[in-house]
Each structure stands twice: as structure tokens, then as C-alpha cells.
Amino acid sequence: MRSKRRSMAKKTTLPQETLTDILSRLPIKSLTRFESVSKPFSALINSPDFISAHLRRSSRHFTFFIRHFHNPSGSNFSFSLTNNQAIDVEIPLLGSLIRFPKIVGSCNGLVCLDISSCYARGFVLWNIARKQYSCLPSPRISDSRGPFWMVSTGFGFDREKNDYKVVRIVGFACEKGESPVVMIEVFSWRTGCWRVIDGRAIGACVIHEGQNGVVINGGLHWLGNSAGKSGGIQKFILSFDLNTEEFRKIPTPEFSAGVCAKIMGFKGSLALAYYPSRGLVGRPAATDRVEICVWDDYGGADGKYWTKLNSLQLNTLGYPVGVTNETGLIMRKLDGQFTQFFLCDPSNQNYRRLHICEATYSCDIHSYVESLVPVSAGHDHRVIEEEVLSEV
């Protein structure tokens with residue numbers, strides 16, 4: 001009887017390629033159940049090849065990961081995953097947080113949170129779908145050498161090394177007229193360690209408002225300008241190659257006072273959205289349009305130049321607040337006490353209404369895909385399974 005059962009099992013065993021193809025189409029919740037009932041399934045589902053295969057499919061179906069602010073200070077906040085319907089998301093470590101966490105970035109199903117009270121001193125990697133999070137080691141650069149002035153961060157994927165990296169750029173306070181000292185460190189998901197890297201190439205610079213880097217074509221990008229004794233202020237985009245870990249400065253087009261710029265990715269290229277500043281009482285806006293420029297890799301004397309792509313009416317669509325899938329610009333329009341969101345394609349000016357956020361004051365929007373990517377690459381790390389109180 002036993003031999004007959006073994007024979008039947010062998011006859012019904014699917015080829016590995018077929019099994020992988022079938023399972024890679026399933027949502028994370030279903031795969032988690034398979035993990036718990038079969039060791040062979042668990043080994044397959046957690047293998048690097050299967051994780052990549054599942055990610056290739058799931059990346060076609062992105063949603064929005066949103067942090068909502070319900071009061072001016074931001075102390076009353078919430079998180080949700082939103083597509084056609086909003087689903088509230090519980091934040092790990094919520095009870096021990098001093099202040100609301102900041103979203104550093106979202107990449108391939110991993111969300112990087114800054115959970116520190118200031119100066120980006122503590123980070124968590126979070127896989128929402130797998131209900132796992134990992135507290136990263138403390139950064140190496142501290143204020144022992146002097147008081148911090150401004151800290152900027154970024155999170156992205158090094159495709160060549162199959163590594164997820166957190167970048168922390170620390171600017172130290174200096175006396176008036178002196179050049180600020182800037183130090184950079186990188187956390188590697190693969191090694192589980194922080195490394196201080198050579199940042200001399202960026203010189204004395206200021207990254208605007210401690211912003212988070214925008215991932216475009218394998219690099220992180222921040223808006224910055226020169227600082228110190230060098231004379232006039234030069235504006236540029238600071239670009240960091242996630243593979244080579246080298247910096248370079250990209251000049252920005254000239255724009256007048258009272259105009260803001262937002263970095264975005266558009267179809268694999270670096271782009272900038274220009275729009276008038278808000279809240280300048282009694283002063284007319286510099287423009288009533290959002291101008292889109294793209295950094296072209298194949299033109300200009302040095303092989304690169306900025307090309308104006310299109311312009312969008314502010315009165316119709318509002319201000320840019322985010323980018324989705326490198327093809328759409330998320331616009332936020334304030335209409336009295338009501339807020340509307342639109343998804344716009346800058347290349348043809350087509351747009352549609354988005355029902356993604358009903359926060360009274362503000363929200364922070366990121367693209368998100370479900371994935372099996374682990375929060376740790378296997379080194380000795382504090383990986384914690386979130387407690388699941390009920391399963392449907």
C-alpha cells in the first residue's frame with residue numbers, strides 16, 4: 001500500500017519550472033500558508049530565484065503606500081496601502097516610537113523607515129506583506145566630532161550586487177563663512193553593516209531641507225547647492241551611483257526666485273518638475289504652470305542636456321507631490337477644505353482622478369509592490385515577525 005502511494009505521488013509531482021510558474025502567480029498571503037505546511041515548498045518560496053520570479057510578476061501591479069497627517073504637527077498620523085480601496089497598516093514598534101516614522105523609501109517590497117526623533121539615527125527595514133521588520137544597527141557617524149546641521153537619507157537597490165542600501169549624508173554645523181563638513185555612510189543589506197565612504201567628490205554642499213533621495217536608473221538623487229567660501233551659490237542635483245558608490249553633480253536649468261523644483265524619474269530618465277512656491281502672501285506667483293524638464297543622455301556638447309517635456313496647468317491639477325512607476329506624476333490640488341489627487345502623464349497631459357488620500361493636512365506617497373524579499377540577507381540580524389492576532 002505504501003509503495004502504491006509513493007508511486008502515485010511520483011506520478012503527480014509537477015516539474016520544478018511548472019511549480020515555480022504556478023506559485024509565482026500567487027499573492028504573499030497564500031504563499032505564507034504553503035510555507036507552513038510543507039518544508040519543500042518553504043525552501044522553494046524562500047529561494048533567491050523564486051523571490052526574483054515572484055517580484056517580476058508582482059512589480060506589474062503596484063499600489064500606493066501612504067503616510068497620512070491628521071493634524072498640523074504630524075503627531076496624529078496613520079499609514080495605509082491604497083489602490084482602489086484603502087487598507088490601514090499597523091506600524092511596527094509603534095508603542096516605542098518617540099515621534100512619527102519617516103518613510104525613507106520603498107523598493108521591491110521593502111520599506112525603509114527612519115524611526116529616530118531627529119538626524120536619522122535609527123532605521124527599520126519593513127516587509128509589509130510578509131509581516132517582518134528588522135532594526136538596523138546604529139549608524140557610525142555621530143555628533144562626537146561636532147553638532148549636526150542637516151542629515152539627508154536615501155534607500156535603493158544595487159542591481160549589480162543584488163544589495164539594498166541605505167545612504168546617510170551628514171552635514172556638520174560650521175561658523176559663518178566657513179565651508180560645512182559633509183560625511184557619508186552606507187548601510188548594506190547584504191553585509192548588515194554601515195561603512196563610511198569617501199565624500200570628498202561632493203565638496204561643501206547643502207542638500208535642501210534634509211530631503212530623501214529619489215531612485216532613478218540605479219542611482220539616488222538629491223537637490224543641492226554649493227556652500228561656504230566659494231562665492232556664488234550654484235544649484236545642482238547630487239547623484240549617487242548605488243553600484244559604484246560614487247557621487248557626481250548634475251547642473252540644473254536656471255530658474256527664478258519663488259520657484260520650487262522636484263526631482264522625478266520619467267521613463268528611466270532623470271527629470272525635474274518646476275512649480276511656484278506656495279504661501280507667499282501678497283506676492284504674485286512666478287508662474288501658473290508646472291514645467292517638466294528631462295535630462296537627455298544623448299545631446300548637448302558634453303553628451304547631455306535638459307529638454308523641456310511639457311507643462312501642466314496649476315489651476316487644473318495642482319502641485320506635484322510624488323511619482324509612480326516612472327511614468328506618472330501625482331498631483332495634489334487644494335480646493336477650499338477639500339484635497340484632490342490626480343495621476344498625470346506629462347508626455348501627453350492625460351490625467352485621471354486618484355482616490356488615495358483623505359488626510360486633512362498632508363500625506364507622503366510612495367509606490368509599493370508586494371514581494372518576498374527578506375528584511376535581512378541572512379546575517380545575524382534582529383528580524384522580528386509581527387504578531388498576527390487573526391488570520392482570515
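Which strand pairs with strand 1 in the antiparallel sense over six bridges? The partner is strand 2, residues 77-82, where two strands are said to pair if DSSP finds at least two bridges between them, and where helices (H or I, at least four residues) and strands (E, at least two) are DSSP runs numbered from the N terminus.

Before I go on, please keep in mind that this is a predicted model, in which local features need pLDDT of at least 70 and side-chain atom pairs count only at pLDDT 80 or more, while totals for chains, interfaces and linings use all residues. Residues are numbered from 1 along each chain as its sequence is written, and side-chain values use heavy atoms, with hydrogens and water left out.

Let me stay with strand 1 for a moment. Strand 1 also pairs in the antiparallel sense with strand 25, residues 362-368, over seven bridges.

Now to the aromatic rings. A pair of aromatic rings is described by the distance of the centres and the angle of the planes. Here, rings of Phe, Tyr and Trp (its six-membered ring) pair if their centres lie within 6.5 Å, and planes under 30 degrees apart count as stacked, over 60 as edge-to-face and the rest as tilted. By this rule the count comes to 16 aromatic pairs. One of them joins Tyr119 and Phe148 edge-to-face, at 5.4 Å centre to centre and with 80° between the planes. This pair links distant parts of the chain, 29 residues apart, with Tyr119 in the loop between strand 5 (110-114) and strand 6 (123-127) and Phe148 in strand 8 (residues 148-158). Tyr119 is partly exposed, with a relative accessible area of 32%, whereas Phe148 is buried, at 7%. In a further pair, the ring centres of Phe342 and Tyr351 are 5.7 Å apart and the planes stand at 85°, so this pair is edge-to-face. Phe342 counts as buried at 9% relative accessibility, and Tyr351 counts as partly exposed at 44%.

Next, a helix. Which residues of helix 3 (residues 28-37) are buried? They are Ile28, Leu31 and Glu35. These residues cover an arc of only 60° around the axis, which puts them on the same side of helix 3; the arc is that of the directions from the helix axis to the C-beta atoms. On the other side of helix 3, Ser36 and Val37 are exposed.

Strand 17 and strand 18 (residues 269-276) pair over eight bridges, and Ile263 stands opposite Leu272 in strand 18.

Notes. Buried < 20%, exposed > 50% of the residue type's maximum accessible area, 1.4 Å probe, protein only.
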